[in-house]
Amino acid sequence: MNSTIEISQGMFKLYHQVSRLVNECMMDEGVSLARSKFLLLLECQGPQRSTDIACALGFAPRTVTEAIDGLERDKLVKREPDPKDRRAKIVSITDTGRTVISAAQQPQHKMIEAIFNVLTEEQKQQLKDIIGCLSEKTDALQRERDKTEGGADAAPVRPLQAVG
């Protein structure tokens, strides 16, 4: 098997292992990793329309609407009319949402530190550099695909950047 394929399979496996473990720790505090992405976006970038949330997170609008319904039901976000467009709603994080996300970030950060502390500072820097290089190449390939598939009018999906 090609070593590049083995490396990518290892990266995907690690990503899923870390995500699962971090999600479990966060669920102990009452919010999943997926829900925390919505809450962190709203906390860091302020109130947003659901279409903007979908674009920022790279999710389908229907998925975002369903997630917001659940977050609103749990009083973690609220919807209010958009003063610029009466057909649209603005979604914002509530004080309860801020409390929940703050509580969930502590075990998240602790678990991530426990995982990555197996590396030396030099290895961490090398990994950061490698991830940056791969991310730049991935972004360039995505831009090429966007041009090819959608032309100039296609709006590229901009995934949420890592927070923290």
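**Figure 1. Where helix H3 meets helix H4.** Ser50, Ile53 and Ala54 in H3 meet Pro61, Val64 and Ile68 in H4, contact being heavy atoms within 4.5 Å. Sorted by class, the residues of this contact of H3 with H4 come to 5 nonpolar, 1 polar and no charged. Here Ala, Val, Leu, Ile, Met, Phe, Trp, Tyr, Cys and Pro count as nonpolar, Asp, Glu, Lys and Arg as charged, and the others, Gly among them, as polar. Helices (H or I, at least four residues) and strands (E, at least two) are DSSP runs, numbered from the N terminus. Before going on, please note that this is a predicted model, in which local features need pLDDT of at least 70 and side-chain atom pairs count only at pLDDT 80 or more, while totals for chains, interfaces and linings use all residues. Residues are numbered from 1 along each chain as its sequence is written, and side-chain values use heavy atoms, with hydrogens and water left out.

**Figure 2. The angle between H3 and H4.** Helix H3 covers residues 50–57 and helix H4 residues 61–73; they pack at an angle of about 115 degrees, with their axes 9 Å apart. That makes H3 roughly perpendicular to H4. Axes are lines fitted to C-alpha atoms, for helices over the stretch in contact, and angles run from 0 to 180 degrees between N-to-C directions. Angles under 35 degrees count as roughly parallel, over 145 as roughly antiparallel, 65 to 115 as roughly perpendicular and the rest as oblique. H3 passes H4 in a right-handed crossing. A crossing is left-handed if the near helix is turned anticlockwise from the far one by less than a right angle, and right-handed if clockwise.

**Figure 3. H2 against H3.** Now look at the other partner of H3: H2 and H3 pack at an angle of about 115 degrees, with their axes 11 Å apart. These two helices are therefore roughly perpendicular to each other, and the crossing of H2 and H3 is right-handed. From H2, Lys37, Phe38, Leu41 and Leu42 make the contact, and from H3, Ile53, Ala56 and Leu57. The contact of H2 with H3 has 6 nonpolar, no polar and 1 charged residues.

**Figure 4. Helix H2 and the residue that follows.** H2 runs over residues 33–45; at 1.5 Å a residue, its 13 residues should span 18 Å, and its end C-alpha atoms are 18 Å apart, which agrees. The expected span of a helix is 1.5 Å times one less than its number of residues. Leu33, Ser36, Phe38, Leu39, Leu40, Leu41 and Leu42 are buried in H2. Buried means under 20% relative accessible area, exposed over 50%, and partly exposed in between (1.4 Å probe, protein chains only). Just after H2, Gly46 has a positive phi of about 85 degrees.

**Figure 5. H1 crossing H5.** Helix H1 (residues 3–27) and helix H5 (residues 95–116) have axes that come within 8 Å and cross at roughly 145 degrees. H1 passes H5 in a right-handed crossing. On the H1 side, Val18, Leu21, Val22, Cys25 and Met26 make the contact, together with Ala104, Pro107, Gln108, Met111, Ile112 and Ile115 of H5. By class, the contact of H1 with H5 has 10 nonpolar, 1 polar and no charged residues. The buried residues of H1 are Val18, Ser19, Val22, Cys25 and Met26, and what covers them includes H2 and H5. For H1, 25 residues at 1.5 Å each should span 36 Å, and the end C-alpha atoms are 36 Å apart, which agrees.

**Figure 6. Gly97 and its neighbours.** Gly97 sits in helix H5 and is buried, with a relative accessible area of 0%. Leaving out residues up to four places away in sequence, Gly97 touches Leu39, Lys75 and Leu76. Gly97 and Glu43 are 54 residues apart in sequence and 8.9 Å apart in space, C-alpha to C-alpha.

Figure 7. Lys75 is found in the loop between H4 and strand E2 (77–82). Its phi is near 65 degrees, a positive value in a residue other than glycine. Most residues other than glycine have a negative phi. Lys75 is exposed, with a relative accessible area of 58%.
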